[in-house]
Amino acid sequence: MEGNQKENFKQMMVTVCEQYKRGKPSLSLMRLWWHGLSFYDMQTVNTSIEKWIFESEYMPTVSDIVKLCRQAKEQQRHRIDNKELKLLGVKKKDKAAKEEF
């Protein structure tokens, strides 16, 4: 995330805290979350938080959302790898055979 997205991030944190009836998040809590999630783009963070909200009745921790962001990035990387293989005309089993050497 980038510095100019802090206001959007703040609103997202307020919404998450409201969802779990936690009241307004403190400045120190928002700084902690920002620090933990700033390595990810805003879309990945938003998607991960939405996924958590729809799947859990408990307030997430920074660690919970970081794990979901990592999973999302890993899935994205695999989709890109598969696209590149298709463009190169390499089939999955061909790739596996090449990796054996």
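Me: How does α1 pass α2: in a left-handed or right-handed crossing?
Reply: This is a predicted model. The axes of helix α1 (residues 6-19) and helix α2 (residues 27-37) come within 11 Å. They cross at roughly 115°. The crossing of α1 past α2 is right-handed.

Me: Which residues of α2 does α1 meet?
Reply: From α1, the residues taking part are Lys6, Phe9, Lys10 and Met13. Their partners in α2 are Leu29, Met30, Trp33, Trp34 and Leu37.
Me: By class, how many residues in that contact of α1 with α2 are nonpolar?
Reply: Two residues in the contact are charged. None is polar. The nonpolar count is seven.

Me: Which pattern does the protein follow along the sequence?
Reply: The protein has zero strands. Its helices number five. Read along the sequence, the pattern is α-α-α-α-α.

Me: What share of the contacts with a separation of 6 or more comes from residues 24 or more positions apart?
Reply: Take the contacts in the protein with a separation of 6 or more. Residues 24 or more positions apart account for 68%.

Me: Is serine 48 buried or exposed?
Reply: Serine 48 lies in helix α3 (residues 42-55). Its relative accessible area is 3%. Buried means under 20%, so serine 48 counts as buried.

Me: Which residues is serine 48 in contact with, leaving aside its neighbours within four places in sequence?
Reply: Serine 48 sits in α3. With its neighbours within four places in sequence set aside, its contacts are Ile65, Leu68 and Cys69.

Me: What volume does the largest pocket have?
Reply: Twelve residues line the largest pocket. Thr47, Leu68, Ala72, Lys73 and Gln75 lie nearest its centre. The volume is about 220 Å³.

Me: Where does the largest share of the lining of the largest pocket come from?
Reply: α3 and α4 (62-88) each supply at least two residues of the lining. The largest share is seven residues. That share comes from α4.

Me: By class, how many residues in the lining of the largest pocket are polar?
Reply: Two lining residues are nonpolar. Three are charged. The polar count is seven.

Me: What percentage of the residues of the protein count as buried?
Reply: The protein has 101 residues. Serine 48 is buried, at a relative accessible area of 3%. Across the protein, the share that counts as buried is 31%.

Technical notes:
Residues are numbered from 1 along each chain as its sequence is written. This is a predicted model: local features need pLDDT of at least 70, side-chain atom pairs count only at pLDDT 80 or more; totals for chains, interfaces and linings use all residues. Side-chain values use heavy atoms; hydrogens and water are left out. Helices (H or I, at least four residues) and strands (E, at least two) are DSSP runs, numbered from the N terminus. Buried means under 20% relative accessible area, exposed over 50%, partly exposed in between (1.4 Å probe, protein chains only). Contact means heavy atoms within 4.5 Å. Axes are lines fitted to C-alpha atoms, for helices over the stretch in contact, and angles run from 0 to 180 degrees between N-to-C directions. A crossing is left-handed if the near helix is turned anticlockwise from the far one by less than a right angle, and right-handed if clockwise. Ala, Val, Leu, Ile, Met, Phe, Trp, Tyr, Cys and Pro count as nonpolar, Asp, Glu, Lys and Arg as charged, and the others, Gly among them, as polar. On a 1 Å grid over the protein atoms alone, a cavity is a set of points where a 1.4 Å probe fits but cannot get out, and a pocket is an open set with protein on both sides within 12 Å along at least five of seven lines; lining residues have an atom within 4 Å of a point. Grid points are joined across faces, edges and corners, and a volume is the space filled by probe spheres set on the points.
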